[in-house]
Each structure stands twice: as structure tokens, then as C-alpha cells.
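Trainee: Could you walk me through this model? I would like to learn how to read its features one at a time.

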Amino acid sequence: MVSQDRPVSTFKSKLKSSLPYTLAVAVIGFVALWIRTRPYDSVFLSNGFVRFGGNDPWYHMRTLNVLLENYPNRMFFNPMTNYPKGSYIHFGPLFDQMMALTSLFLGMGNPSPELVNWVGAYFPAVLGALTVIPVYYIGKYLGGRKTGILAAILIAFAPGQFLSRSMIGFTDHHVAESLFSTFFIMFFMLALISAKKKGLRFEHVITKNLSVLKEPLIYSVIAGAMYSAYQLSWPGASLFLLVALVYAVIQYILDNFHGESSDYLGFTGIITFLVSTLLILPFVHPEMGFSMYYYSWFHVITAFGAVVGFAALSFIEREFKKRNLKAYYSPLAIFGIGVVGLVAAKIAAPALYSLVISAPHSIFGIQTGGPSTIGEVSSIFYPSDKFSFLRVYEYFTAPAFFASIAGMILLTISLIRKPKPEELLTLVWGLLIFMAIYGQNRFAYYYSVNIAVLGAYLGGRFLDLVKWGRLEESFQANVKSLKDLPNFFKFVKIEQVFAVFTIFLVLVLPEYFAAIKYITGTGGPNGPWIESTLWLRYNTPDPGMDYNDIYEAPENGELFQYPDPAYGVMSWWDYGHWIETIGHRMPNANPFQAGIGGRRGSIEDENMPGASTFFTAPSEEEATAVLEAVHPDPDKAGARYIVSDIEMASLFNAKFPAMATWTLDDEGYYAQYRVGANSQILPTMRYYNSMESRLHFFDGNGMKQYRLVHESWVGQSDEAGYKQVYNSLFGGSIPEVDTGYVKIFEYVKGAQITGTASPNETVKISTTILTGQGRTFDYSQSTTSDSEGRYEFTVPYSTEGPISGETQFDTSPASAYVVSYGGTTKEVRVSEEAVLTGKEVKV
């Protein structure tokens, strides 16, 4: 009876001892959720509109709604963005599927749009709070429960990108990446610990010794499932496959030097990535070839390649022991086989070889040219040309960041003394993600997890100095219920209190205060952008596309066949998803960096048509040529509407310089000017002549084929200052006032106004434009009649108002056009039909 009851007694004992920590982790998780849902009012607006943060969250809501409309079929090709090409969707399917299943469950099979928005808004906050769980267990198995609890607290309060990307309303897959990659590390670590502890050998597999195999097998299978979940959240999951392989190579070498078997490692790696290979296989799109950005054969081959890699490493290790070879030859053998593998890949699969060779630089290297203007892919240490810790302090807090460095140093020292698989895995994981943030600051949301684990490891070692383990033992032995708690405090020593206070003051408190600063809002479109994209949706012609339909991708090499009414909307790529998801219109450029145009390699390269070349064009004619070049059909323009905001027009903001940088021609937009007794850097005429400046600051005055059809209300900007500089330096006379934060222009053929005057006489046409905001501005052109007195103007505004089925503009002339020459003035009225068809109007 005693022997039979012992397992139950042991289980109860373990349950009782772990219960306080389990409750602590649950409380920490709820605190993490509370922090992430505090900006509720900035997401759920009073008018019922849900403002999701950033750019990609809007696209996830777009794909989620299409998925629910066609469940279980998911959109893979989307023709309603990157017009007129469309875009394949590289987002992983898992994040959308999880939200869809949650919506269907809560909505009993028929979720309302309000419920779907609610699920979408809360989902990242829930996943962010759940990340506390794997972080706790990684910390626990690295340095004990105290380390696990501290790690859980640090990730719960972690500020910066991890917090912003797991905030309510930031409905993006990045938080799923963090959650599943951390779960992968956790279960991979548990599999290693269990397999090594049980002395697992490949002979146990042959003899089917389940007592040894069962636990490592379960952990390895779950690790494979977690890697697959991570991979199905983001196609770039091979980053953590690299972590596992680099760790494995080092671990094999160390085990060989110490004369230990590495079968535990081979078993874990083979099972983990074999499961991953099988799980990713159904999601492969063979037509994508070996693309790293879409689910292709690349993801199957790399996962299976990891299986082969672990098997090869195990074979090498066994051969070394069998042949009694010197351990220091093993790194050379591994390196040699790696080189042979690359050579074989270059011969058998050149596309795969190119991806493998270029992938490290794309992740760890600092970007140049146009890509360097993308905020999230620039180096965390080089926000500009100079090294800086500013972003580090913004994303992590200084104490936590440097604690992670100290933690890695301590792990290195520990490995030199007595290497443990869990410690080496944590160190390699931390070092590679550190290298990743050097290349791209977007990986800061990964490194937040490393900081939590490594900072907690440092804190745990500090607690070991004050004999924290004895305090835990005293707690377990003397506290049977809450009434026993006062007796426990007599075991607490002053140095232990001091250690806890120090950790709280140095690590936890700065994280908490930094997190509180971060939760003021979730970003996303501001009021003017929401209003303007909704105006676009309800006041512009239907482009003839079924918004929630799933379209087949065109055959390889062919373009999607759009219906005749289709048209694009030209704006900077940042705003593409807002235009598509809120405005239900087709942007030419989007945050996938599609449709940007410009140059890719050097100034000699072709300046490809796109958003950057359009908005930096030095004249209306060159900008129109860009629009026409965007569309492969010479009879169609690439865009009908142009959307600008003050950020795109601001020279000393990130938007306009980014446009110029993409063209690799960013010189001459500003210069040093003497202003009074001071010297200042101010815009030049090249800047004021750019299409973006002519549209936004000058309202398109004098343009022949571009008309302002709508402007939002005035937003906070420095527009008046730019106008003042223009008037002062270049003799302008434009009103020095702020105007609409967002402006929508329409590209039209323009009515042809013709008439006669005296030969070679200056002829002017003008009118006053009244906007929907009640603002007025002058529109005018001038020309010189020919030798026979003939003159012609192309004008974009209709004086007769909108017509059914076309743009329902709220900005138009307040009265007729006035044509004047000499002492003669004549009024001219222009129909909307004439503007749209290019019809001649005789004076």
C-alpha cells in the first residue's frame, strides 16, 4: 500500500509546492493583460469606429473579414492592392485562423462585424499576456522558480516594441511570433533537459524503451508543433531554426570535447524538425518556388534540412567515438560537411542556395538606400549614420538592456565551468537575436523576451548570493496555510530583503514606468485620415471589384485582368492598407513596399514608376508620365486619385526624404540660407517644384489635369512655415495658413477651353475654389495666344457640380471661370462631362 500511494503523495506534494508559483504567474499574466488593454478608449471610438494601430493590423482585419466571409477558404492573392498588379499575401495563416475560430465560436457560427472587431482588437493583448507562461518556464529551468517569476514580471512590464505590438488594437502577427517562438524554445529546452537527464541513446529507439523515450518524445513533438505554429505566423521563422542549428553545432562540439554522448540532442532535433516538416507541408504553394517570403518549398526543405543536419552531426559524433578520433578535429569535420552541403545546394538548387547565402545579411546586415527609410528594418544602434543607444533606451530601458548583456556574460562563465544544454541554448538564442536587432530594430520585440530571461537569470544569481534557496525551503516546510505566513518572516534575512528591493528598484520599476508611458495609445490613422478614407469609400465610383471575394492568382507571368471601371489610388506606401481596408479602394503602393518605384541598386538604374517617382516628379507632365507608366495598358492611367497628407509634404519629416531616398536622388531639396544674422537650412525651389509640394502646399494651382476634390479638417502641422519660407525666399504670395491635413486629388483628362484674342497676347484664366471645409483659394493659368490669336487651356475643375456615378466632390469653383486678356473678360462654365472626357469648350 505504501509503495502504491507514494506516486499520489509525490504528485500532491509537487502540486502543493508549485501552487503558489502557478498563482503568481496567473496574477502576473492578468497584470500584463490589464496593461495592454488600458488604451481602450483610443481604439474603440465613441462613434463606433474601431481604430486599429499601425498599418499591418488593418490588413489582418481585411484578411480576417474575407476569411470569415468565405470560411474556411483564405485569400492568398489580393488584386485590391498594389494596383494594377495585385499582391500575394505573405502573412502566415495561423494568426487570422485563430481570430476567425474565436469569432465563430463566440458568435455561434455567425459573428457580427462588431464582434469580429472586438476579437481582433483584444487578440494581441491576450497573446502578449500569454507570453508570460513560456517565459516563466524558461526562467524556471534556467535558474529556478525565483528566476522564472522574475522573468515573467519583466516580460509583463517590458516596454517598447514588444508592448506596442501586443497592445489592444495592434492586431498584427508579431505578437504571435513572439509567443510561439518562445514556446518553441521552452519545449525544445525541456526536451533537451529530459533527454539528457534520462541518458537517452539511439539504442533506446531501436529497443522501444518508452520509459526513457516517452517524455523527451512528447516535448520534442510539441516543440515541433510550436515551431510550425511560429512558422505559420511568419514565413521568416527560419531565424529560430538558425538558432537551433547554431546551438546544436556548438553543443555537439562541447559534448565531444567532454567525451559525452550527444544522442539526446540528435533525437530531440530530428523529432522536432521532422514534425515541423510534416506540419508545414500542407501550406506550401509550389508556384512560389523557393521564396523565403511566401510559404514555399524553402520552408519544407529548410525544416527537413535541419533533420538531416542533426542526423549528420550525430553520425559525426558517433564516428569520432567509434574511431577514437581527436575531439578538436570535429569542428573541422562539421565545417567541411557544411561547405560540401552548400556546394551541393548551389549545383542542385541554385535558388535555394542564393536564399541561404543572402538570408544572413537580410536579417543581420544594416540596410542601405530606400529600405533604410523603413522604420522597422533600420538598425537599432544606427537610427541615423551615427551609433546611438537612443532606440535601445526607448525600447528596453537601460538597466534591463545591460542586465541582459551581463546575463550572457554570466552564462558564458557558467558554460566554461560546467556546460548545460539549457544554458548554452539560452546564450546562443540571446546572441543571435542581439545580432538581429543590430540589423533590424523590428526584432526588438523578440529581444524583449531575451532581456526578460537574461535579466532574470542575472537577478536569480544575485539572489543565490543571499541564499534564497534556503528561504524557499523554509517557506515550503513551514507555511501550510495562510495563518502560518507570519511565522515565515522570522526566516527572512535583511540581506535577502535588500536583494529583492535592489532588483525591484533597478530592474522592475524602470520597466513598469516605461511601460506606463507606452500605453497612451496604439497609433493608427488619425481623425483626418479616417474621415478622408471614408469619404473616398462613399464618394468615388465603384471600381468594379467584389471587396470580400477570393480571386484566383493570374497565371505565371501574366497580369490580373481588372474590370474596366477599376482604378488605383496613389499615395505613399505607409497608407496603402488604410486606403484599402477603410476606403475599400485599390492603392498603388502598400506597406509591403510594393508600388514604391524608384531605383534599387545605383543612380544609373532605371527610376521605376511608382509612388516615390510620382511625388518627387519636378513637373506635372513628368508626374503624369509616371501615372501612365504604372499601368501596362497605354490607354489607362495607373491611378485616378492621389491622396496626400502634411507628413508626406514635410521636408524635415520622414516621409518626403524617404520618397527621395527611394529614387537615390535626394540632393538639392534643401540648402543653407542666410536669414538675418543667422544661417538656416531651408527648402529650395527643387523641393517646392516637386509634385507633392505643388499638390499639398499650392493646392494644385495651375495644374491642368489634377484637381482637389476633398480636404480634411486642419491638423497640427508646420505647413504655414513652409509657405512663409516660399514667400520670403522665392517671391511667392500664397496665404501663410494651415490647410487640410489630408487632401484628395483626382486625375482627369481636363476640359479643353479654346478661344481667340489678339495675336501673341497674354491670356489668363482664373476662378476661386471653395473646399468642403469652407476654405477658398485661387486657381489660375496663363498662356500666350499664337500668331493667329488662338489660345487653349486645359482645366480640371467643373463649374456645374458632380454627376451621378462619378466623383461626388465637395470642392469646386465658387463661380464660373474668368478668361481675361487686354481689357476683355469673359465667363466660362464647364460641365463635369467635359472635364472627364476632355471635351472642347469654346469661349
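Mentor: Gladly, and we can start with a term: contact means heavy atoms within 4.5 Å. Leaving aside neighbours within four places in sequence, T767 is in contact with F777, D778, Y779, P813, S815, A816 and Y817. Please keep in mind that this is a predicted model, in which local features need pLDDT of at least 70 and side-chain atom pairs count only at pLDDT 80 or more, while totals for chains, interfaces and linings use all residues. Residues are numbered from 1 along each chain as its sequence is written, and side-chain values use heavy atoms, with hydrogens and water left out.

Trainee: Which strand holds T767, and is T767 buried or exposed?

Mentor: Helices (H or I, at least four residues) and strands (E, at least two) are DSSP runs, numbered from the N terminus. T767 sits in strand β10, residues 762–770. For burial, buried means under 20% relative accessible area, exposed over 50%, and partly exposed in between, with a 1.4 Å probe and protein chains only. T767 counts as buried because its relative accessibility is 6%.

Trainee: How many helices and strands does the chain have?

Mentor: The chain has 33 helices and 16 strands. Its C-alpha trace spans about 115 × 65 × 65 Å along the principal axes. Of its 843 residues, 54% count as buried. Among contacts between residues at least 6 apart in sequence, 72% join residues at least 24 apart.

Trainee: Which residues touch the most other members of the largest nonpolar core?

Mentor: In soluble globular proteins, nonpolar side chains tend to be buried together. A nonpolar core is a set of buried Ala, Val, Leu, Ile, Met, Phe, Trp, Tyr and Cys residues joined through side-chain atoms within 4.5 Å. The largest one here has 216 residues, and F184, F240, F396, W572, F614, I642 and Y706 touch the most other members. Helix α9 (residues 174–197) gives the most to this core, with 14 residues. Apart from this core lies another, of ten residues, among them F77, Y83, Y551 and Y562. Not counting residues up to four places away in sequence, F396 touches several residues, including P159, I380, Y447 and E511.

Trainee: Which residues form a nonpolar patch on the surface?

Mentor: Accessible areas come from the Shrake-Rupley method with a 1.4 Å probe; for residues, only the protein chains shown count as cover. F257, Y328, Y329 and L332 form this patch, with about 460 Å² of accessible area together. L332 lies in helix α15, residues 330–348, and is exposed because its relative accessible area is 58%.

Trainee: Which peptide bond is cis, and where is K208?

Mentor: Most residues other than glycine have a negative phi, and most peptide bonds are trans. The bond from Y71 to P72 is cis, with omega near 5°, and P72 is in the loop between α3 (56–69) and β1 (77–78). A cis peptide bond also joins Y83 and P84, with omega about 5°. K208, although not a glycine, has a positive phi of about 55°. K208 is in the loop between α10 (202–206) and α11 (210–231), and it counts as exposed because its relative accessible area is 66%.

Terms used:
Patches are made of residues with over 30% relative accessible area and no salt bridge: like charges are joined within 9 Å, nonpolar side chains (Val, Leu, Ile, Met, Phe, Trp, Tyr) within 5 Å. A salt bridge is a side-chain nitrogen of Lys or Arg within 4 Å of a carboxyl oxygen of Asp or Glu.
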